[in-house]
Amino acid sequence: MDLLTFSLNNIFALLQQMSVFLVIAYLFTKSPFFKTFHIHTLNWRQLPFLYCIFTVFSILGTYFGLPINDAIANTRAIGAVLAGIIGGPLLGGAVGFTAGLHRFSLGGFTAFSCGLSTTTEGLLGGLVHILLVRRYQQHRLLCPWVAFFTTLVAEITQMVIILIFAQPFDDALALVRIIALPMILANSTGAAIFVSIIRDQRKMYDELSVTFSAKALKMAEKTIAILSRGFDMETAREVASVIREETGVGAVAITDKEKVLAFVGEGDDHHLVGYTITSSETLQAIREDRIVYADGGEKKWRCNRSENCPLGSVLCVPLRVDNELVGTINLFEPKNKLFLVTNKTLGEGITKLLSDQILYSRYVEQKTLLTRAELKLAQAQVNPHFLFNALNTIIAITRKDADRARDLLMHLSNFFRKNLKRTGDLATLEEELNHVQSYLVIEKARFEDKLQLEIDIDPTLLSLKLPVFTLQPIVENAIKHGISNMLGQGLVRLSAKREPECVRIVVEDNGGNFEERGKKGLGMSIVEKRIKNLCGEQHGVTISFVPQERTTIEITLPAKGCSE
């Protein structure tokens, strides 16, 4: 048999052995570790696992090698070179040294040279890793051509090391002539195929992740507006339609713990909304608070309502809100269609997403109820004494000036009518001023010349949005606690100015009695809380005073006003 034929036979033999390692590579891509493994973000916790994988790979390459003239034609280099390319010189050198030490322990006239060359091959792969990283070409670390040519150079280097260190030289030369071509081609090709498997599986996982993320974001965008209205039969039906549209499953059902809230898709002629849950899988998911899956193969789903139901598989996922089980989401597929693993994974993720959205919608609902309660409380804070004092003032004026008394009654009526009818969260500054104006006209009649009013409002701010009942409690506070206790002339100034980053509304009185009043009262606290809730935490109410001289209350609002 001539040298060429012998070499070709060795090449085929090594490639046959390579199939075992390619199976190992494929199994590696199916491991839980591979799902978290990314070549660009390796950390020190992952390196020991990779060290074990590639070291075992290299040692098996030695054991499965072909004995030739007291030496071994093998595929050991693949593990060392790939370890270096993927993990750098530290990982490549460690794998190469360990596999080389193992080869040295087996003896033979090439034991030392092969041990040394394996370590060198791991370091060579590490140098390629450094070169690509420094050139910002990390994407090429899993390039089959990079693996092919790096391993090719590494194997040529091994042949040179054998010629230098193996003795006698004539035996080393004869060996290299026999094993050089088979080992160079087999190892280079095997490394390229190994990297291709890893790259393709990684690409598939990444593409699936992108697809899942895109679908999840699309469903989140569609469902968050729906669930903001609450979680009931109507919104459940809309959410079920969105899920079916995005996943393409045969049908989607949403239940609470007792009945069906929504059913969309095939079989909707007998799976009716409002019916009690009869599916054993759904009941099991609720009872045991866990995912129940009937794949339509080994475990079929059977409908309890109709023998002609087209559905044959189901995924039942418990729906939890704040760790409380509130129902289930069920994804169905027809009997003639397999339940895709991707839809199973996506279904589980959707349920978590909807749980968070329902929790958020509950939070928004509670916040809305709290805001309304605060508004009602602000309305109730209108001092009853104001009504009594206003009526007494009007009675006294009636005897002297009936027309003025009639005008005051109109203002009083207007004041309380607006008090009762203002139900929204926001009002314009003009509406707030009209409300305050009615209050001030009555108080002016009560105090006569003792109360002087100065109002300076930027006309461009009249359409500015701010929380309802912002001004009246503060103006009332200035008159009730500031002016009413004074013996001399009282002055209340109300101004609104636009500044570069905000709008500032100032209510100032010359009573200077804030120190005696102590901390903010309930009315002012409600005003500040509503401003922060509706306009942002950076806005609110600040108070400054000079005892017996003045009290200044400043309200800061967004330059463009508040938004609901």
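Biologist: Which residues does I555 touch, leaving aside those up to four places away in sequence?

Modeller: In this predicted model, I555 touches T470, L471, I474, V503, R504, I505, I531, G540 and V541.

Biologist: What makes the set of residues with L429 and I555 a nonpolar core?

Modeller: A nonpolar core is a set of buried residues of types such as Leu and Ile, joined through side-chain atoms within 4.5 Å. L429, I479, I505, I555 and L557 have the most contacts inside the largest such core, which has 36 residues. At least two residues of this core come from each of α14 (429–447), β9 (451–457), α15 (471–483), β11 (490–498), β12 (502–509), α17 (522–535) and β14 (550–558).

Biologist: Why is Y136 called exposed?

Modeller: The relative accessibility of Y136 is 69%, and exposed means over 50%; therefore Y136 counts as exposed. Y136 lies in the loop between α6 (111–134) and α7, and its phi is positive, near 55°, in a residue other than glycine.

Biologist: Why does D289 count as partly exposed?

Modeller: Buried requires under 20% and exposed over 50%, with partly exposed in between. D289 has 33% relative accessibility, so D289 counts as partly exposed. D289 is placed in the loop between α10 (280–288) and β5 (292–294), and the phi of D289 is also a positive value near 55°.

Biologist: How do you know that the peptide bond from Q167 to P168 is cis or trans?

Modeller: Omega is near 0° for this bond, and the bond is cis. P168 sits in the loop between α7 (144–165) and α8 (169–227).

Terms used: Residues numbered from 1 in each chain as written. Predicted model: local features only at pLDDT ≥ 70, side-chain atom pairs only at ≥ 80, totals over all residues. Heavy atoms only, no water. Helix = DSSP H or I, 4+ residues; strand = E, 2+ residues; numbered from the N terminus. Buried < 20%, exposed > 50% of the residue type's maximum accessible area, 1.4 Å probe, protein only. Contact = heavy atoms within 4.5 Å.
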